[in-house]
Amino acid sequence: MAPFYKYGFFGDEMSLVLAFVLGTGFGFFLERAGFGSARKLAAQFYLYDMSVFKVMFTAIVTAMLGVTYLGWLGWLDLSLVYLVPTHLVPQIVGGLVLGVGFVVGGYCPGTSVASLATGRIDGFVYAFGIGAGTLAYAEVFPWIKGFVNSNELGQVTLPEVFDLPWGLVVFAVVLIAVAGFSAATLVERRFGDKA
Amino acid sequence: MSSDHRPAVMRGSGRPASPYWNPYLAGIGLGLVLLAAFVLVGRGLGASGAFSSSVAWLVNLVAPAHAQSNEYLQGYLGDGTTHPLKAWLVFEVLGVMAGALFSGLLAGRARIMVEKGPRVSTGVRLLCAFAGGILMAFGAHLARGCTSGQALTGGALLNVGSWAFMLMVFVGGYAVAWFMRWQWR
Amino acid sequence: MKLPALTLNQRLAAVAVALGALALFSVPHRGPVVSLDTRELALIVEKEVDHVTPSELAAWIVQGRSDYRLIDLRTASDYAAYHIPTAENVTVAALPEFPFLRNEKIVLYSDGGIHAAQAWMLMQAQGYRAVYTVLGGLEGWKDDVLYPALPAQASAAERARFERAATLSRFFGGEPRAEGGVAAPIPMELPKLAAPMPSGAVSPVAPRKKKKEGC
């Protein structure tokens, strides 16, 4: 029965080794997709290369189908997979701020790590900026703590909130993703020449 | 460097870079790594948490009293029995570096350079990167996760907050993209 | 060159849609709904293997053992006023969501025994097997560990046992009751938490503070 770690098949030390191994895979595929380059990432927002959307949603669909089937077979206890608690309003605001930071800086935290590892100076400076921002955030945290912790909905999933069967939401996400991919390809063709 | 994007060939020094993978294949690979994380350790991938741990550790080195009195950093320091850097995400991010470097070397894409459009100076680009990093840090902490920890991981688990967050990332990005276009083209 | 790449993408899309459609019939395994082996549970209850006596627990704490998690199920204010050293505060309502590991030994206590027993059942229902309750709860802890009494006309063996209990009691800031061979009444006040632990013995481990999980 999975998740193996939470069933005590191995300890903390082993989980850290696995963290490194899984991270290696994460970094490898990020770089393969071209996400070590800010220009490739930023292109998403100028519509001539929608790779960010395509890679992200393919990964989401793959992992989502994976957990669905493993759960169906009874091999994975989904209730033991950590869900970040939902705080709707802070997360909406956070998403907006992060989106702006993405376009201004050209990376997100994970991709900046991939980029600095492959020698991108801007990626390194960006990571440095995240460090500075984290420090600043820690200093102002007492003042915004109330807001950050507001609007708590707990650990909830879309099927729970909309009271729909899990499988139906999964199917809908797959359909939306596939439709989105074709639309993205059309958009790329339309805006590609202007690049 | 021109704004040529599709084959992403590095002209000039070194051998030509291989093209990027088909995004869907890279995405499936990423998804399988994510799934493996769920199955093996019961959690998803992330990145911004590793930055928090590192910052907490650094501040604790420089000004321990300050770090320990700060409620936010304290959360990443724990009770002092384990090293702040002995955290899951720190090891995962070290792996990301190794994996990305491996892939970059393999494809001939690893080289010291600045990613920018042809019309912007290196200094301005680096300034923007720094500013973007600061914004990113605030966004990620407000949202309790970044594009990897929230959007990717939470997206696959159909987490409500993650989907709201993901939507807003694109909204925020597209809202300012027009004003930042000089940086990339 | 473009055409075969596209057909690969189309094939991938078809596979995704097919898997998604099949997923419509899926019944994902999600926590709360579980079946219990009632006979096994009944046996556990009858044989009382799910209990930890206050003295055992006290000995564990003195030894600094960290192979278990001690959980205080009372309210945060009760917890703040007094709790057994090394205990973590998790209210019964918060228990189902609390990220315990499956292989952790979990020791529960509340004021008396009822809440802890009910929480024990909750944990069993969630598939946690290594769950124990402190016999008598905090009351039992007070009687046996903090304020142990020397029975009147105690035998030598009882007297020796009391001496050991008295040492333990002072370690936890309590007070053994042995004046004149007659048990004194239990003091109403619980020991102050801030009071420094008497040195000499192994200092108990601090409760493990969970580091943040997530991105």
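Colleague: What percentage of the residues of chain B count as buried?
Modeller: This is a predicted model. Chain B has 185 residues. A residue needs 20 or more other C-beta atoms within 10 Å of its own to be buried. In chain B the share that counts as buried is 59%.

Colleague: Which pattern does chain B follow along the sequence?
Modeller: Chain B holds eight helices and zero strands. Its C-alpha atoms fill a box of roughly 50 × 40 × 35 Å along the principal axes. Read along the sequence, the pattern of chain B is α-α-α-α-α-α-α-α.

Colleague: What share of the contacts in chain A between residues at least 6 apart join residues at least 24 apart?
Modeller: Of the 195 residues of chain A, 61% count as buried. In chain B, 56% of the contacts between residues at least 6 apart join residues at least 24 apart. For chain A that share is 65%.

Colleague: Which element gives the largest share of the side of chain A that touches chain B?
Modeller: The contact takes 111 residues from chain A and 112 residues from chain B. On the side of chain A, the elements giving two or more residues include helix H1 (12-33), helix H3 (51-72), strand E1 (86-87) and helix H6 (121-148) of chain A. The side of chain A that touches chain B divides into 73 nonpolar, 29 polar and nine charged residues. The largest share, 19 residues, comes from H6(A).

Colleague: How many residues of domain 1 of chain B that touch domain 2 of chain B are polar?
Modeller: Chain B is divided into domain 1 (1-113) and domain 2 (117-185). Their centres, taken over C-alpha atoms, are separated by 16 Å. The contact takes 10 residues from domain 1 of chain B and 11 residues from domain 2 of chain B. The residues on the side of domain 1 of chain B are four nonpolar, no charged and, for polar, six.

Colleague: Why does the span of helix H8 of chain B agree with its number of residues?
Modeller: Helix H8 of chain B covers residues 160-177, which is 18 residues. At 1.5 Å a residue, they should span 26 Å. The span agrees because the end C-alpha atoms of this helix are apart by 26 Å.

Colleague: What do the buried residues of H8(B) pack against?
Modeller: Among the buried residues of H8(B) are Trp163(B), Phe165(B), Met166(B), Met168(B) and Val169(B). Gly172(B), Gly173(B) and Ala177(B) are also buried. From chain B, the buried residues of H8(B) pack against helix H7 (147-156). From chain A, they pack against E1, H4, strand E2 (152-154) and H7.

Colleague: Leu106(B): buried, exposed or partly exposed?
Modeller: Leu106(B) sits in helix H5 (residues 88-107) of chain B. Its C-alpha atom is separated by 8.8 Å from that of Ser18(B), 88 residues apart along the chain. Leu106(B) has 13 C-beta neighbours inside 10 Å, so Leu106(B) counts as partly exposed.

Colleague: Which residues is Leu34(B) in contact with, leaving aside its neighbours within four places in sequence?
Modeller: The largest nonpolar core has 136 residues, and Leu34(B) is one of those that touch the most other members, as are Ile60(A) and Val170(A). This core draws at least three residues from each of domain 1 and domain 2 of chain B. Leaving aside neighbours within four places, Leu34(B) is in contact with Ala59(A), Ala63(A), Gly44(B), Leu45(B), Leu152(B), Thr153(B) and Ala156(B).

Colleague: How many residues are in the other core that lies apart?
Modeller: Among the members of that core are Ile106(C), Met123(C), Leu168(C) and Phe171(C).

Colleague: Which residue in E4(C) is the bridge partner of Tyr68(C)?
Modeller: In chain C, an open sheet of five strands has the order E1-E5-E4-E2-E3, with parallel pairing. Its edge strands are strand E1 (51-52) and strand E3 (88-89) of chain C. Strand E2 (residues 68-72) and strand E4 (residues 105-109) of chain C pair in the parallel sense over five bridges. The bridge partner of Tyr68(C) in E4(C) is Lys105(C).

Note on methods. Residues numbered from 1 in each chain as written. Chains lettered and ligands numbered in written order. Predicted model: local features only at pLDDT ≥ 70, side-chain atom pairs only at ≥ 80, totals over all residues. Helix = DSSP H or I, 4+ residues; strand = E, 2+ residues; numbered from the N terminus. Buried ≥ 20, exposed ≤ 12 C-beta atoms within 10 Å, placed from the backbone. Contact = placed C-beta atoms within 7 Å. Nonpolar A, V, L, I, M, F, W, Y, C, P; charged D, E, K, R; others polar. Domains from an automatic or database assignment. Expected span 1.5 Å × (residues − 1). Pairing = 2+ DSSP bridges. Core = buried A, V, L, I, M, F, W, Y, C linked by C-beta atoms within 7 Å.
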